[in-house]
Amino acid sequence: MEKMPAWADVILIPLISLVLAAFISALVILFIGQSPAEALKLMVTGALGSTYGWGYTLYYATNFIFTGLAVTVAFHARLFNIGGEGQAMLGGLGVAIACLYVPWPHWSIALVAASISGAVFGAAWAAIPAWLQAKRGSHIVITTIMFNFIASAVLNYVLVNVMRPKGSMDPATERFSQTIHLPTLHEILLPFGIPFSKAPPANISFIVAILACLAVWALIWRTRLGYEIRAYGHTETGAVYAGISPVKITVITMLISGGLAGLMGINNVMGEAERLVLNATEGAGFIGIAVALMGRGHPAGVFLAAILFGFLYQGGTELALWTSIPRELIVVIQALVILFTGALDNMVRTPLQQIFMALRRKES
Amino acid sequence: MTFQKSLLGASAAIALTAGAALAEPAMIYDLGGKFDKSFNEAAFAGVTRWVDETGGEFLEIELQSEAQREQALRRFAERGANPIVMAGFGFADPLSQVAPDYPDTKFAIIDMVVDAPNVRSIVFNEHEGSYLVGMLAAEASKSGTVGFIGGMDVPLIRKFACGYAQGVKAANPDATIIANMTGTTPAAWNDPVKGSELTKAQISQGADVVYAAAGGTGVGVLQTAADEDILSIGVDSNQNYLHPGKVLTSMTKRVDNAVYDVFSQGPDMETGIFVMGLANDGVGYALDEYNEALITPEMKAAVDEASAAIADGSLKVHDYTSDDSCPDLQF
């Protein structure tokens with residue numbers, strides 16, 4: 001089949017999907033007797049209309065960039081890693097261990113150590129499903145999703161029985177030391193004379209996330225390993241014929257993927273909560289799948305999609321705060337966007353492709 | 001970001017505050033949601049009573065995520081909401097961070113103590129109310145074995161269990177108490193199926209009265225107890241009506257009164273630690289048309305006597321959280 005122009009693939013399809021999702025969301029809001037225009041205005045001003053809103057949007061986006069990249073890297077080797085949630089949970093545990101038990105002299109050293117620790121924990125959690133897939137043929141979709149449950153049980157056990165301070169009812173660790181407090185965007189931008197709201201949790205991890213985007217781009221398209229990953233993803237038999245080991249590629253790709261998901265811990269555990277709480281990931285691992293689908297396998301796309309989902313999360317919170325739209329419905333709105341941009345992608349793509357082909361035939 | 005954006009942000013903030021009446025109270029429900037048939041719903045009942053009586057405006061949010069705890073607190077405080085009430089011990093950490101930043105805003109937290117000059121910490125003497133229902137359980141039991149089913153295994157719920165055990169032993173020193181917890185995570189607050197299984201397990205060990213201190217999980221406990229024709233004891237709200245004649249009584253924890261008081265007193269409310277016990281009707285046991293046939297005049301007399309003795313201080317019920325131990329029950 002003829003290909004569509006790139007701009008249609010990258011911009012037009014997500015845009016149409018978004019408009020469709022927004023339209024159905026508007027109908028739903030109308031149905032419960034609220035004004036869709038007001039709701040949209042509230043979401044946009046609440047998420048993008050102030051540095052405060054941007055701070056939260058970027059905080060959520062940072063989470064989604066890490067998990068989105070994790071899914072993207074695995075996609076290139078045609079591995080469907082839906083264990084980002086569990087890998088991010090374990091990554092958070094790794095970050096918490098690094099932050100709690102070592103008296104770091106400065107946040108920058110702590111950030112490096114916590115990043116390594118989080119990535120190692122996340123990668124270790126992905127290593128077992130990867131090995132099972134490579135050596136035993138156990139399907140990675142099944143094993144990674146099951147490992148999400150195990151991760152949640154592990155975290156439970158550790159928080160309730162080991163890391164909870166005595167006498168506390170909350171299943172959470174104690175706060176990390178103030179010396180390793182990560183600079184927020186407010187603190188980073190202040191020396192440049194740029195005023196940024198103090199309240200939101202967006203922090204230096206956002207910059208780490210951007211660096212991760214660049215690193216993933218370089219890895220996939222500028223290294224030999226990236227070439228092998230892509231070759232393996234396109235045709236396994238061809239890759240084997242070219243001397244690429246499926247076991248090696250499967251395991252390495254999943255390690256990188258799990259490591260990226262685990263890195264999320266520096267944002268939500270070290271940057272925001274500054275302690276490890278139960279359910280710190282809050283579904284970011286699953287949102288990462290939608291982000292990767294929307295990002296079409298490219299880090300730049302992942303970055304933009306993550307910002308969009310950050311907007312949806314922060315906008316959703318504003319709706320919950322200032323309207324009487326029930327929180328279940330806010331989840332419905334978020335889900336509609338995922339449904340249209342991720343699952344129903346072909347619904348928009350196929351007709352659009354036919355239109356483009358018809359146009360082209362006319363020309364020629 | 002850019003200067004223009006911060007300008008936009010400032011104008012947006014002004015636009016938001018301009019529409020708001022000054023000093024509306026705000027209510028923040030925990031992750032369980034306001035219709036959990038238990039703790040959050042009791043808070044919602046208090047809000048509803050205040051609205052019915054005053055017709056006042058208020059703000060509310062049901063949390064969706066952990067990150068929203070601090071965010072909701074700050075947003076309501078910046079908007080000028082006062083006082084801001086939050087239900088649940090999970091708010092203790094965020095509130096201790098946020099409260100000093102808004103010294104002119106009053107906060108109220110239920111079930112936890114946060115030490116700040118503008119915070120009212122409301123805690124309940126659940127062990128006192130549990131002591132009373134424990135006495136009733138021991139007297140109503142024919143087998144001499146009674147059960148306790150807790151929600152999440154936290155010190156707060158052990159406090160319920162410990163008070164209950166002391167009440168049981170006071171009424172019948174030879175009684176056996178079986179205590180189980182549903183789980184160790186917040187999911188244990190809302191697992192009626194597991195509540196039902198635990199009830200059956202306790203019945204097979206001879207229990208014929210079961211006390212559920214488990215939030216939404218208790219619905220399953222009460223249902224199974226009614227199905228198996230034994231007695232149960234409800235918690236937090238008066239749950240006697242759920243299975244008339246099968247629910248012996250309910251240990252009432254008047255979260256609704258606490259929320260109603262804060263809303264009524266508005267921005268001028270007093271801060272500090274407020275202990276709601278038997279003496280000030282913060283806890284108690286429920287007696288209504290659904291269970292009056294189950295409570296004999298002798299039982300009522302004995303419990304009311306103990307209640308008066310606890311209220312005036314002549315009878316002390318041991319509080320588990322005071323030293324993390326219980327004289328009458330092992331965990």
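**Reading the sheets and the chains**

Guide: In chain B, six strands make up an open sheet with the order 7-6-8-9-10-12, and their pairing is mixed. Strand 7 (176-183) and strand 12 (283-285) of chain B stand at the edges with a single partner strand each, so one side of each has no neighbour in the sheet. Direction ignored, neighbouring strands of this sheet are turned by 15° against each other on average, where the axes are lines fitted to C-alpha atoms, for helices over the stretch in contact, and angles run from 0 to 180 degrees between N-to-C directions. This is a predicted model, in which local features need pLDDT of at least 70 and side-chain atom pairs count only at pLDDT 80 or more, while totals for chains, interfaces and linings use all residues. Residues are numbered from 1 along each chain as its sequence is written, and chains are lettered from A and ligands numbered from 1 in the order in which they are written.

Visitor: What joins strand 10 of chain B to strand 12 of chain B?

Guide: Strands of a sheet pair through backbone hydrogen bonds, either parallel or antiparallel. Here two strands pair if DSSP finds at least two bridges between them, and helices (H or I, at least four residues) and strands (E, at least two) are DSSP runs numbered from the N terminus. Strand 10 (residues 247-253) and strand 12 of chain B run antiparallel and are joined by three bridges, with Lys253(B) opposite Val283(B) in strand 12.

Visitor: Which order do the strands take in the open sheet of chain B with parallel pairing?

Guide: That sheet has six strands in the order 2-1-3-4-5-11, and its edge strands, strand 2 (59-62) and strand 11 (272-276) of chain B, each pair on one side only. Strand 1 (residues 26-29) and strand 3 (residues 84-87) of chain B pair in the parallel sense over three bridges, and Ala26(B) has Ile84(B) as its bridge partner in strand 3.

Visitor: How does the chain cross from strand 1 of chain B to strand 2 of chain B?

Guide: A crossover is right-handed if, with the strands pointing away from the viewer, the path from the first strand over the helix to the second runs clockwise. Four bridges join the parallel strands 1 and 2 of chain B, Met27(B) standing opposite Glu60(B) in strand 2; the chain passes from strand 1 through helix 2 (residues 39-54) of chain B to strand 2, and this β-α-β crossover is right-handed.

Visitor: How many helices and strands are there in chain A?

Guide: Chain A has 16 helices and zero strands. Its radius of gyration, taken over C-alpha atoms, is 21 Å, close to the 21 Å that the globule rule (2.2 Å times the number of residues to the power 0.38) gives for 364 residues, so chain A is as compact as a globular protein of that length. Buried residues (20 or more other C-beta atoms within 10 Å of their own, against 12 or fewer for exposed and in between for partly exposed, with C-beta atoms placed from the backbone) make up 51% of the 364 residues in chain A.

Visitor: How many residues does the contact take from chain B and from chain A?

Guide: Two residues are in contact if their C-beta atoms, placed from the backbone, lie within 7 Å. The contact takes 27 residues from chain B and 27 residues from chain A, and helix 1 of chain B gives the largest share of the side of chain B that touches chain A, six residues.
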